[in-house]
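Opening the notebook on this one.

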Amino acid sequence: MITQTTSGNRGLLQAEPLIFETGHATGTGVDLPAPKGTANKLGGLARKAALDLPGFSEPETMRHFVRLSQKNYAIDLGLFPLGSCTMKHNPRLNERTARFEGFADIHPLQPTATIQGALEVMDELAHWLCTLSGMPAVALSPKAGAHGEMCGMLAIKAALEARGEGQTRKRVLVPESAHGTNPATAVAAGFIVDEIPARDDGRVHLDDVVAKLGSDVAGIMMTNPNTCGLFEPEIKRIADAIHEAGGYFYCDGANYNAIVGRVRPGDLGVDAMHINLHKTFSTPHGGGGPGAGPTVLSAALAPYAPLPQIVIEKSGGVRQLVFAEHEAELAGTGRKPFGRMCAFHGQMGMFTRALTYMLSHGSDGLRQVAEDAVLNANYLLARLKPHFNAPFGGPKNEHAPCMHEVLFDDSSIKPKGVETIDMAKALLDEGYHPFTTYFPLVVHGAMLIEPTETEPKRELDRFADVMIALAERVNAGDVEHFKQAPRLAPMRRLDDTRAARQPKLRWRRGDNGAEAAKHAAE
Amino acid sequence: MRYLPLTNTDRQQMLSLIGTKSIDDLFVDVPKHALLKDLVDLPKKQGEIEVHRHMARLAEKNTPAGRTAFFLGGGAYRHHVPATVDHIIQRSEFLTAYTPYQPEIAQGTLQALYEFQSQVAQLLDMEVSNASMYDGSTACAEAAMMAARVTKRKKIIFSGGVHPHYIDTARTACEALGLEVVALPAAIDDEAAVSKHLSADVAAVIVQSPNVFGTITDLTKIAEAAHGAGSLMVATFTECVSFGLIEPPGAMGADIVCGEGQSIGNALNFGGPYVGLFATKEKFIRQMPGRVCGETLDADGKRGFVLTLSTREQHIRREKATSNICTNSGLCQLAWTVHMTLLGEQGLRQLATLNHERAIELADALGRVKGVEVLTKRFFNEIAIRVPGDAQKVVDALAEKGVIGGVAMSRLNPKAGMYDLLITCATEMNTDKDIAAYVAALKAVLQ
C-alpha cells in the first residue's frame with residue numbers, strides 16, 4: 001500500500017496549507033469601486049500598522065474551502081450516530097426559505113410596519129412550540145441550548161425573587177447524569193448545585209429527590225428523556241414533589257425529539273424547558289452552530305419571560321404584531337421580564353428553518369418522527385445487545401426499551417484491551433462517524449448511539465454489521481487493529497495533550513507550521 | 001413523509017426483531033396519562049410546494065432592505081456578501097457536520113476555525129481569539145464575566161457609548177452572578193468618562209469604538225487608567241469592518257476585545273444568527289470562555305487541529321466551568337472566514353474606505369437639511385443626527401416614503417431622554433441615488 005506521495009495529496013484528498021502560508025496581502029477576490037480619496041473624518045485614528053491578512057482570488061478561495069470540506073464527515077455522507085446530538089437529515093427546503101429576501105434581507109430594527117411577516121413567523125413558531133409542548137408561553141430569543149437553560153433558570157430566579165425567596169432558595173438539584181451545561185448554567189445563574197447521585201438503573205428516583213428537598217431548594221434541572229436515553233418514569237411525581245416543596249422544575253429539552261408529538265412536557269409538570277431547534281427541528285449543526293434554544297415556560301414562570309416579547313395590538317379591527325422591547329411597554333400586563341438574553345430578537349434564521357420543517361411534517365409527521373427515532377434506536381439495541389454490554393437494555397432474553405438513543409459501554413471489550421475510544425477510532429476507518437464517547441459520565445466507557453428517524457433500515461443494518469464485525473475482531477484478539485486506528489481517515493490519531501500543554505491557537509508571521517511539524521516528528 | 005425513510009413493512013420487521021408488538025410498547029416508561037393518543041391540534045403534513053408557498057407569503061409581508069433606500073445600522077449592518085460565501089457554507093460537509101469532536105474526520109471545520117482565530121487576532125491586533133460566540137452582545141456579557149474572574153472583583157462600568165442592548169444583555173448575565181453593573185448616562189462622545197469611576201473594586205471598564213452613536217475614540221489613555229487601578233479594559237464594537245480603516249482596540253491597550261462580526265459574511269437575517277468575535281491576551285486564555293481550536297500533531301507527526309483547552313469548559317468542569325457555553329456560531333464563523341479570505345488586507349481596506357466615504361457623503365447631505373444637525377464628529381460609517389421633534393416619528397414617516405433612515409435612540413434606550421436623536425449609517429451598498437432619496441424624504445417629512 002502506498003503511504004507517501006510526492007504531492008502530499010492522497011487521491012481525492014488534497015493537502016492544503018493555511019491561507020496564511022500561501023496567500024498575500026495584495027491578493028483579493030472582490031472587485032469594489034475605487035475610493036474617491038475624500039479627506040477622512042477619523043480624527044487622527046486611522047489604522048497605523050498593516051493588517052497582514054492574506055487574500056485570495058475567487059477560484060483560489062473556492063478551491064481552498066472545498067479542499068478543506070472534503071476532510072469533514074457529514075450527515076449527508078453517512079450515518080452520524082452521535083448520541084444526544086440528534087444528527088438528523090437537514091431538509092434543503094429549510095435552507096431555501098431562510099434565504100428568501102423577505103427574511104434574510106430585513107434588519108432587526110426596521111419599523112414594525114415593514115416586518116409584519118417576520119413577527120408572524122415568530123408568532124406561528126411560538127404557537128407550534130407551545131401547542132407541541134403543552135406550555136402556555138415561550139421565550140424565543142435564547143441563541144442555543146445552554147442559553148435557553150440560562151433563560152429558564154433566570155425565569156425561576158425572578159419568580160423566586162417575586163415571592164421574596166430569592167435569597168433563601170439557592171440550591172438547585174442536578175442529577176449526576178446531567179449534561180455539563182446544566183450545573184454550569186445553574187452556577188452562572190447564581191445558584192448552588194447539589195448533585196443527585198446516579199442509580200444503577202440509570203433513572204432518577206423520587207426518594208432521592210425527596211431526600212434533598214427543603215426550604216432552600218430553588219428547583220431541579222432534569223433531562224427527559226435522560227442522558228442514558230431513558231424516559232424518567234417518575235418524572236411527574238418528582239415534579240409534584242418539587243412543586244410541593246416550593247421549587248420549580250427545569251427540564252432540559254435536548255432529547256425532546258424522542259417524544260415530540262407523543263408526550264407534552266406540560267403534562268409532566270415542567271415549568272421551563274429549552275427546545276434545541278438544531279436538534280428536534282432539524283436546523284443544521286454547521287460544524288458547531290449556530291443553534292437556537294427557545295424556552296417554553298409554565299404559567300408560573302411566563303410573567304418573567306425576557307425581552308423582547310411580541311404583543312398583539314388591534315388597530316381598526318386589524319391584528320398587528322408589535323415588539324415590546326422595554327419593560328415600560330408591558331406596564332399594566334402584569335409581566336415582569338427578568339432582562340434580556342441578547343441584542344435584537346433571537347435566531348430568526350433558525351426560526352424560519354424550524355417553522356418550515358414543522359409545516360412540512362405537520363402534527364402527524366412529527367409524531368412519526370418521535371416514533372421512528374425511538375424505533376431505530378431500539379432496533380440497534382436489539383441487534384447489538386448480544387455483542388456489547390447495554391447497561392440498561394434489560395436481561396439477556398428481554399428487551400428493556402430505550403428512547404431515541406441507546407447506551408452501550410466497553411465492559412465486554414475492555415478486558416481484551418479495547419476501550420471505547422479505540423472502538424470509535426476503528427469506526428473512522430470503516431467510514432463512520434462514531435457514537436458519543438464517554439458520555440454520560442455515570443457509565444464507564446459509555447458509547448451512546450443515536451441513529452435518528454432519518455436513517456433507513458438498510459443503513460442501520462449496515463452499521464450494526466460493522467459494529468458486530470468489530471466486536472468479533474476484539475474477541476479474536478486483534479487489539480492492534482484498534483490501537484492503530486484510524487489508518488484510513490484524513491489524519492491519524494491527534495495528540496490532544498500536546499495541544500493543551502503548549503497551546504498554539506493562531507498563525508503568526510514567521511511560523512512555519514508544516515516545517516515545525518516535520519521536525520517534531522523526526 | 002418525504003423525510004422519513006422507514007416503510008410500514010420496515011417498522012413491522014423491526015418491531016418483531018425487537019420482540020414487541022406495537023410502538024407504544026417502547027414508550028412504556030411514559031406515565032399513562034401523558035402518552036398522547038391523538039394528534040396535537042396542529043395542521044397535518046404538507047408537500048414542498050405548499051410549505052414553500054406558505055413561507056413565501058410570510059416573507060412577502062416584509063419589506064426587504066434592498067427594496068428601500070436603506071441607512072439603518074445600530075448593531076447590524078447591510079453589506080454585500082459575495083456569492084461564493086453562501087455556496088461554501090451550504091456545502092454538505094460544512095453544513096451537516098457536527099462540532100469537531102472527532103478531529104481525524106473534521107479537519108475541514110477545524111482548519112477553518114484556526115484560520116478564523118488567526119484572522120480575528122490579526123484584525124483586532126490581539127494575541128488570541130476563541131472559536132466565536134453567539135453574537136456581539138453575548139460576547140460582551142462573557143467579557144464582563146471573564147474580567148470578574150481574572151481580577152476577582154465584582155464591579156463592571158459601561159461607558160455611555162455602548163449599545164444599550166449590549167448593556168442590558170450583560171446586566172442580565174452579570175447580576176445573576178452577583179456582579180454589579182454600572183452604566184454611565186448615554187453620551188455621544190465621552191468614552192473616557194469611565195476612567196472617573198475606577199476604584200479598587202472595578203473589574204473592568206467596557207467601552208465601545210465606534211460606539212453606538214458612531215463616535216470613534218482613542219482608547220489608549222482609558223486603558224492606562226484602567227491598568228493603573230488594577231482593572232481590565234474591555235473594548236466592544238458592533239461594526240467589525242471599521243478595523244480595516246481605524247486603529248484596532250488591541251493596539252490601544254485593550255485586555256479583551258469583543259463584538260459583532262455579522263458585517264463580514266453574514267446577512268441581516270432580522271438579528272440572527274450572527275457571530276460574536278472574542279479576543280484577549282495570551283496570559284488570560286485559561287479564563288477565556290467558549291471553544292478554541294489549537295494546533296497539534298497526529299500519530300505520523302503531521303500537523304493537524306483539535307478543539308483544545310477543554311478543561312475550562314462545561315463538559316469537563318461542570319459547575320466549575322468558565323462559562324456555560326457549549327456551542328459557537330459555526331456556519332456564521334465560516335462565512336466570516338470565507339468572506340475575509342476573499343477580501344484580504346487590500347479588499348478589507350478598500351471596503352472600509354468606501355464605507356467611510358459614503359458616510360461622509362451622507363453626513364454632509366443630511367447636515368444640509370434644514371433643522372438637522374450632525375452630532376458625531378469622528379466616525380467610521382455611522383452617525384447620530386438631531387432632528388426637530390420625535391425621531392421615532394421621523395423614522396416611521398420616512399419608511400412610508402421608502403426610506404429606512406436609521407433607528408431612533410429612544411427605541412434602543414427610552415431612558416436616555418434623547419427623543420430627537422436618530423442614528424443612521426451608510427455602507428458600500430448605498431448609491432448616490434439612495435442618499436438623494438433620503439434627503440428628499442427627510443425634507444418632506446420635516447416640512
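I started at Ala144(B) and listed what it touches, skipping residues up to four places away in sequence. The list reads Ile156(B), Ala170(B), Cys174(B), Ala204(B), Ile206(B) and Val234(B). For me, contact is two C-beta atoms, placed from the backbone, within 7 Å.

Housekeeping before I go on. This is a predicted model, so local features need pLDDT of at least 70 and side-chain atom pairs count only at pLDDT 80 or more, while totals for chains, interfaces and linings use all residues. Residues are numbered from 1 along each chain as its sequence is written, and chains are lettered from A and ligands numbered from 1 in the order in which they are written.

**Core.** Next I looked up the largest nonpolar core, and it has 316 residues. Such a core is a set of buried Ala, Val, Leu, Ile, Met, Phe, Trp, Tyr and Cys residues joined through C-beta atoms within 7 Å. Buried, in these notes, takes 20 or more other C-beta atoms within 10 Å of a residue's own; 12 or fewer is exposed, and in between is partly exposed, with C-beta atoms placed from the backbone. Ala144(B) turns up again here, among the residues with the most contacts inside the core, together with Ala155(A), Ala147(B), Met233(B) and Val234(B). Helix 10 (residues 348–384) of chain A brings the largest share of this core, 20 residues. Helices (H or I, at least four residues) and strands (E, at least two) are DSSP runs, numbered from the N terminus.

**Chain-to-chain contact.** How many residues does each chain put into the contact? I get 173 from chain B and 183 from chain A. On the chain B side, helix 10 (residues 330–367) of chain B gives the most, 21 residues.

**Chain B overall.** I count 13 helices and 15 strands in chain B. Its radius of gyration is 25 Å, close to the 22 Å that the globule rule gives for 447 residues, so chain B is as compact as a globular protein of that length. That radius is taken over C-alpha atoms, and the rule is 2.2 Å times the number of residues to the power 0.38. Buried residues come to 64% of the 447 in chain B. Of the contacts in chain B with a separation of 6 or more, 73% are between residues 24 or more positions apart.

**Domains of chain B.** The assignment gives domain 1 (65–80 + 345–446) and domain 2 (83–338) of chain B; bounds like these come from an automatic or database domain assignment. The C-alpha centres of the two lie 27 Å apart. Where they meet, 29 residues of domain 1 of chain B contact 24 of domain 2 of chain B. Helix 10 of chain B gives the most to the domain 1 side, with seven residues.

**Domains of chain A.** Here I have domain 1 (93–355) and domain 2 (362–496) of chain A, with 31 Å between their C-alpha centres. The contact involves 18 residues of domain 1 of chain A and 21 of domain 2 of chain A.

**Two loop residues in chain A.** Is Pro290(A) buried or exposed? It is buried, with 31 other C-beta atoms within 10 Å. I found Pro290(A) in the loop between strand 6 (272–274) and strand 7 (295–297) of chain A. Leaving aside neighbours within four places in sequence, Pro290(A) contacts residues including Gln347(A), Met350(A), Pro273(B) and Ser329(B).

Ser298(A) sits in the loop between strand 7 and strand 8 (309–315) of chain A. With 22 C-beta neighbours inside 10 Å, Ser298(A) counts as buried too.
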